[in-house]
Structure formats: C-alpha cells, structure tokens
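Visitor: Could you walk me through this model?

Guide: Gladly, let's look together.

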There are 2 protein chains.
Amino acid sequence: MADALEQLKARARDLGQLMQLGMLLSWDQRTQMPPAGARGRGEHMAFIQRLAHDFLVDPEMGWLLDELEPRMSSLDPDGFDYGLIRLLKRSHDKEVKVPAELRGEMARAAAEGNMIWLKAKSTSDFQLFLPALERNIETRHRYVEALAPEGELYDALLDDFEPEMKTEDVTRIFAEIRDELIPMIAELREREIDDSFLTGDYPTDRQIPLLRDVIDTFGHRPDSWRIDPTEHPFAASAGRDDIRITTHWYPNNLDALFSTFHEYGHGLYQHQLPAEVEGTPVGGPASLGIHESQSRLWENLVGRSMPFWRFYYPRVQERFPEMLGNVDVEQFYAAVNKSQPSLIRIEADEVTYGMHVILRFELEQDIINGRVQLRDLPDVWGQKMHDYLGVDVPDDAHGVLQDMHWSTGLIGYFSTYLLGTVMSVQIWEKMQEDVGDLDELMERGEFTPLREWLGANIHAHGRKYPPQELMQKAVGSGIDAKPYLAYLKRKFGAAVAA
Amino acid sequence: MADALEQLKARARDLGQLMQLGMLLSWDQRTQMPPAGARGRGEHMAFIQRLAHDFLVDPEMGWLLDELEPRMSSLDPDGFDYGLIRLLKRSHDKEVKVPAELRGEMARAAAEGNMIWLKAKSTSDFQLFLPALERNIETRHRYVEALAPEGELYDALLDDFEPEMKTEDVTRIFAEIRDELIPMIAELREREIDDSFLTGDYPTDRQIPLLRDVIDTFGHRPDSWRIDPTEHPFAASAGRDDIRITTHWYPNNLDALFSTFHEYGHGLYQHQLPAEVEGTPVGGPASLGIHESQSRLWENLVGRSMPFWRFYYPRVQERFPEMLGNVDVEQFYAAVNKSQPSLIRIEADEVTYGMHVILRFELEQDIINGRVQLRDLPDVWGQKMHDYLGVDVPDDAHGVLQDMHWSTGLIGYFSTYLLGTVMSVQIWEKMQEDVGDLDELMERGEFTPLREWLGANIHAHGRKYPPQELMQKAVGSGIDAKPYLAYLKRKFGAAVAA
C-alpha cells in the first residue's frame, strides 16, 4: 500500500502544479497580459486543462485508486492520505466522463469569452457578447450531458465549485433568505442615512499606502504578498508564499478599502493552507463557498463592525481630513453600513447582496434547463432586478454584463458567494465561543487570535474534507442560514439607524 | 507518413506550450513574484522541465522520429516539416541521455540560485553566493557527463544555446577579435570625449513616455507589447502577440534608452516569428546568437548610428532641455559612442564589450575543465579585468557577481552575446545590399523596410535551420568576424574623435 500511496502522491503533486500554473496564468491574463495575447493564452489554458484531464483520467491513476480505496479503513480518516484518496477518487470518477476535447474547448471558449466580455461591457453591448456567451453555454450543456447527474442538471455544475452540494438544498436555503430579506430591504430603504462624505476627493496616492496598512494590520508576510490594480478585484496564489490580491482604487471613494478586506480573507486562506501537502489537490482550499466565507468574514464581520472601526477609523480619518475631519466614527460606521438597493452586485451592502446572488442562481437554473433564451437575458435581468430590489437597469453594463463569470462559462459559481456569506457567520460565532470576546480584540487591533483560529480550524484542513464535513468539524453543524439572518436582524434592526 | 507527421506535430505543439509557459514563469519571477515565492517557483520550473523532458524522451516520440527520418528526402528541405523532424530528432537524441531527475535538479538549483544571487549581489557577498554556485555547477558537470560530447566538454553546453557551434570555432573567432580589440581599446581610452551631460537630471517620468515612443517609432503593435521595469533588462514572450520587454530606468542617465533599443530587437524577433508554426519548437528563435544579432542590430547599428540620431535626437533633446539644450547632435553622438574600459558588461561600449564576453568565455572553460576553483573566481576575475581592460575591480558586485547567468547554471550562454554582435554586422551589410541606403532610411525615420527585411530573411525562418545554416541562407556566409572588426575600425577609427 505504501508504494501505491507514494505513486498516487507523486501524481497528485503534478495535478497541484497544474492548478497553481493555471491560477498564475489567469492572474497574469487579468493584470499583466497585453490584450492581443488572449488567443495564445486561450491555448495555454486549454493545454493545462488537457494535461490535468489526462493526468486525472490516466488508467494508472484509476488502478492506483482501485488498489487504495478498499484499504482506506486502515488510514486515519482525519489524515491527508485518506482525504487525498477520497478526493482523487471522486475527481477521477467525474473526469473520466468528460471528453478531453470538450475540456480544451471549454478552456478556449473561456479565454476568448473573457476578452469579448471586456469589450462588450465597456460599450454596454450585449449583442457583441451574445455569440461568446452562446459558445460558453453550449460547452457547459455538453459538459452537463457528459456528466449525466442523477438529480438536477444544475447539480453537475454546482458540484465543481461546492462539492457534494445539491441544487435543492441551495434552493431551500436561498428561499429562506429571500423571504427574510425582501421585507428587510423594503424597511431599510426608507431610512435616512447620510453617506455623502463617502463620495468625494480620495486621492489614490493616499489610498495605496492605506491598503498596505490594512494587510499589515490584519497580518501578513510582506515578502509573500502583493497588491495590484485590476478592473475587478480578485485574489490568486501560486503557492502559500506567493499571494496576489488585487483591488481597484477609485479617486472618489473608499471602495478599495472594503475590497481589500475581502481579498485579504481569500489571501490569508491560501497563505495558511497546510504546508505538508502544499501544491497537491488535498492541500488546496475546500471549496469556493468556504473560500468566500473567509473573505466575507474579513470584509463584513471584521471590516464593517463597530469595534473594528473604533480601532481603525482614526487612521483613515487622518489620511483624508478634508473629507472625514468632521465625521465621527458613529457617522462613518452608519454610512459604510447603509443599506440601499443598487445595480451592481460587488458594490451591494450586506443586506441587499443576497438578492443579487439569488437572482443569478435562478437565472442560471433557467439557462441550464432551457427555460430562458440567452438573447432574452437582458430583459429577464431587468425584470428580476425590478421585482427583487425595486431598481431599474439603465443599460447592460449595469445589468447582465456586470460580472465576468458567465463570459468564461462559470455557471454554478455565484451561489457560493451567498453560501460563503452564510457560513462566515457560523464560523464567526464558533470562533467567538472558542477565542473569547472578538469585539474587544478588534477594538484593540489584535488580529493574531483570529488568524490563528481560522488557520487551525479551517485553513489547516486544506481540502481533506468536503465543505459540509469541514463545517461539521469546524463549527459543529452544516450550513445553516439562521445565524446569518439573526446577525443581519441584530445589526440592521436598530443599531444602524442614525 | 502524413499520420506520423501529424502525431509529431501534436507532440511538438505540447513542447512549444511548455516553452512558452516556462518563459512566462521566468518573466513573472523577475518582474512580479513576491520574493518568498521563489521556492514554489523552483518547483514550477522543475515541473515544466520534467514534463518537457518526458515529452521529448517519450519512446513514442522516438518511434515517430525513426519512422519519419528516413522519409525526409521526400520533403522540401526548406519547409517547416523537414525542419521540425530534424530539430526534434536532434533534441530527442540529446535529451534521452539526460536523466529526468537531473533536469529537475537543474531547474530547482537555478530558481534557488537566482534568489540567492540577488541577495549576494546586493550586499556584494560572494561567500553567500558560493554554495548556490557550487550546486549549479555541480549539476552542469553531471549534465556534461551525461551527454559525453565527442570533442570538448564545453561543446555540450555551448550547443544548448548555439546549436552545432563548437568550442574551437568560438575560440578561434574570439582570438581574432581579441587581437584587434586590445590595441584599439588602448588607443581609444586616450581620447578625450565630453560625455558629462549624459549623467545628471533625467527624470524617469519623462523617460517612460520616451521609451514608449522608441518602440512606436521602430514599429510595433501596441496591443501586443508591454514594457516593465526590472533590475536587469530582458525580453520575454508568451507568444507572437504577447511580447514583454523590460528595462531599468535610472533618474540620472539615459541608459534605459539604449537597453530599450536592445530589447526591442529581441521583441521584434519574437513578434515576427512564423505564424504558421507558432508555439512549436520549429516556430521559435534559431539560437541565442541569432537572437542577440537582432538586439545588437537595433541597439548599435541603428541606435548608436549618426543617421538615426540626426532623426531622433531632437525628440530626446526637447524632453531634457536642461541637460541637452546646449548639446548638438555631433556632441551627443560622440558621447554615446565614447569608448572607455569599465567594470560592467551591460554598460560597456561597443568596443570594450567584446572583452567582457571573452573573459567570461575563458573562465567558463576553466570552470568546466576544472582548471579553476569556484572560490577563487573573484581573484581570477579581478586579474583578467586588469589584464584585458586595465581596470581594477573594487568589489564582487562590480565583478563576478554582476551577471545573473551563472546563478542559474547558464554556462555557455555568454559567448552568444559576442557571436550575435559579430553576426549583426554581417546581417546589416546584407540588408544594406538588398534594401538600399539604410543611412538615408534611418535619417528619415523609416524603419518599416528594416523590420520587413529582418522579418523575411531571419525571423520568418523560425528555427527550421541550425544558426549557421540560417546565416548561409540569409547573408550568404557563416559567422565571420571580419565585417564586425572592419565596422569597428571604420566607426571608431577617426569619426568619433570630437
């Protein structure tokens, strides 16, 4: 068994290398690559996808797994070896159903779609985007067909991002959230909160050192992290010591601050993944939902909390005295927590955010089940935005073209944003139980206990458990919307009203 | 045969993809990567090297080549198919002699060596560097041993950069050059030329647009090129439409201008490689020497010529009126062509440059043949600098630690700088014959005929010929130092003297 396990691990390392290279290529494409490089980059991504596919479906991989699986009972079920066999078995069995050419086509369609989307969004031209979207959706249809899921078609896609999660569970959780959010949104939109001072003169040359100070304050190794400007903020990593977060600094607001809190959470997760299995599939993050729980935790539970701002507000205020000199911390806190329906998901507040995700989740199911024509998406989008958030969409750039995901064929991804947000509150509450008074720590600017708890209870497990099993281990329960909804009610029920 | 050829081409494309990924990773490492990412990057590079090795030595690759080689007589010897079979046969036969683990070790030693060298150079600490150098040289010794070249040991290394070139030919060419250069250097160092205005206040914010203007003027597709700052300028490419040149802009001189001319030549070569075989080994550059012939051509034959400066000097002068307002084009030309022995290769003028390369070539042979101990390198370096250029080396940062190459195990590489410089003059003279009066074109700022001639006669051949065969096709002769030496005598014999 030892020998077969070593062979499996060597193959796992190769897969891990390809994942890291893919992430680096994607970061490069979005931050560095000359635009005309897109076609070549599509080939690179297709090549990496094909190799990963070949490595995973290799019959020798199958034989090793067949040999190892019956003997798993002799392994520690909480160990990485056990987790690796389980993970690779699942990935192998899934991937053998996917033709290699289809993987290549998906990668090429994604690279091309992304570049066309960039153009289409800048001119708000959905017609320009439509053929690329059709190509991407068509490859996803073939992908679903190849996987032939037992339950709903959408399960096959969701599972890529949130392993073992089922469409019906997400539907149930999202329905519970929607029922609470819709009246809450209606109530909050009537509140008068002055946030005018958040828009104005915020010179980027003073923001950039502030963003560095944020990650210094939360804690990081400066020789392992970098921050770059991009159109859409994201985090990437080519290894535990190569963490790259991006943000978009605007000269007239502080949005970059909040997106840096968010990307810091992603970066910290990658940075604290288990060293002993670094660069292998089991050493990666558990799921996108778990990843998002980390980013939303730092963005919202820390970065939009009163205790944090009691500690940190003076540093922001002193950098922008013209804008904030006469604004006290209570006013600032109220403003950064103002809930107001708006057009853009990534700019949405904590309360309305969920509805943006639910809208996309519903549309994706309609797309995959053929209940909507792609050319009708702008209209359907507009109707739903009106129904759910009471806002009118002025153009496609502020509507269906706002997000990159569909341009690269990523269907099933959006759900993880809200699932992660829900889990972030469960994780926060368990951390509070274990660590003690988190409010007091934040007010003193002490983030090491938070980093360490997250490291030990979430990050250090890598991908050895499926996400819901990880939640059981870490917080004692699978995903549950109640703590999240209770948190929103507590926070937005009364305290915010100025 | 058609089927075997298609299979070979598919394998060739995979090899080409790995080469492009390797180049991109290397660019990223040198311009973007957080320092602590070095260890992980070493693993990435080792992984890519191992895959390339595996693909190349794959027995099926051998069988395909065995099947195709006897039938090459039915192919056009000037076609890419013929060239591909010849190139892969040669690479395959060479690579099967190299153990896979050794390839991995070489890549890891290189990645680690590079990071240690950066530190050692910044503190001028050769002792810090020595263990990493020893590790790299040790792997090269094992590499030479594995290849067991028929002639000199050094042939095995030289061949990696300049295929089919022999040590004895380089020795002969370099001896011919050295005999002419030494008296020329002695004579030129006595000349009094005022170049004081080249050092002073050259704000980088005015240099950066100038560097962009240079590549606009020479000609490029803006959506395919980028310029970044680095410690040591270089060019990289992840495809014909993804050209990345780097430079180092100093606030007190115009060195970045000349390094941009140089890297433009490298970038143009990559950009004009043959589209029909893009991303395959035969679609790459012919050799490092040929690559260098292109960079030196734009740097020196164009960028240090009087006709070019008659056209371009006003643009430089108007950007730096405080420094150059009272300097006329003759003075500027004389200053940028001042020959003066100095410590740093990449800052050397056209005349003394060759001696820097010859010194390294001689030391490399001593290293590979065990005639020098690595720990003695700083002393031997100092002695040779004294003998050849009459300068005293103050510290290792300005001596043996100045170049990156040895830190990554690149032995045999330096020679190509001088071989390329020699060939650049042969190419220039043939272009002059074919295109007409190049001086007149440069004086009018017309570079399209130069780009097109180089494209058709050098770049479009990719790697289908070994470099000396390419020279035969392009200029009607193999490498020959005479045109180069005659050019130096013509240029520096009298005209420069102010």
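Visitor: In β3(A), which residue is the bridge partner of A:Pro229?

Guide: This is a predicted model, where local features need pLDDT of at least 70, side-chain atom pairs count only at pLDDT 80 or more, and totals for chains, interfaces and linings use all residues. Residues are numbered from 1 along each chain as written, chains are lettered from A and ligands numbered from 1 in written order, and side-chain values use heavy atoms, without hydrogens and water. Strands (E, at least two residues) and helices (H or I, at least four) are DSSP runs numbered from the N terminus. In β3(A), A:Pro229 has as its bridge partner A:Thr247.

Visitor: How many bridges join β1(A) to β3 of chain A?

Guide: Two strands pair if DSSP finds at least two bridges between them. β1(A) and β3 (residues 243–247) of chain A run parallel, and the number of bridges joining them is five.

Visitor: Which strands stand at the edges of the sheet?

Guide: The open sheet has three strands in the order β1-β3-β2 (chain A), with mixed pairing. Each edge strand has a single partner, so one side of it lacks a neighbour in the sheet. Those strands are β1 (225–229) and β2 (235–237) of chain A.

Visitor: Are α12(A) and α14(A) parallel or oblique to each other?

Guide: Helices α12 (residues 306–319) and α14 (residues 329–336) of chain A pack with axes 10 Å apart, at an angle of about 125°. Axes are lines fitted to C-alpha atoms, for helices over the stretch in contact, and angles run from 0 to 180 degrees between N-to-C directions. Under 35 degrees counts as roughly parallel, over 145 as roughly antiparallel, 65 to 115 as roughly perpendicular and the rest as oblique. α12(A) and α14(A) are therefore oblique.
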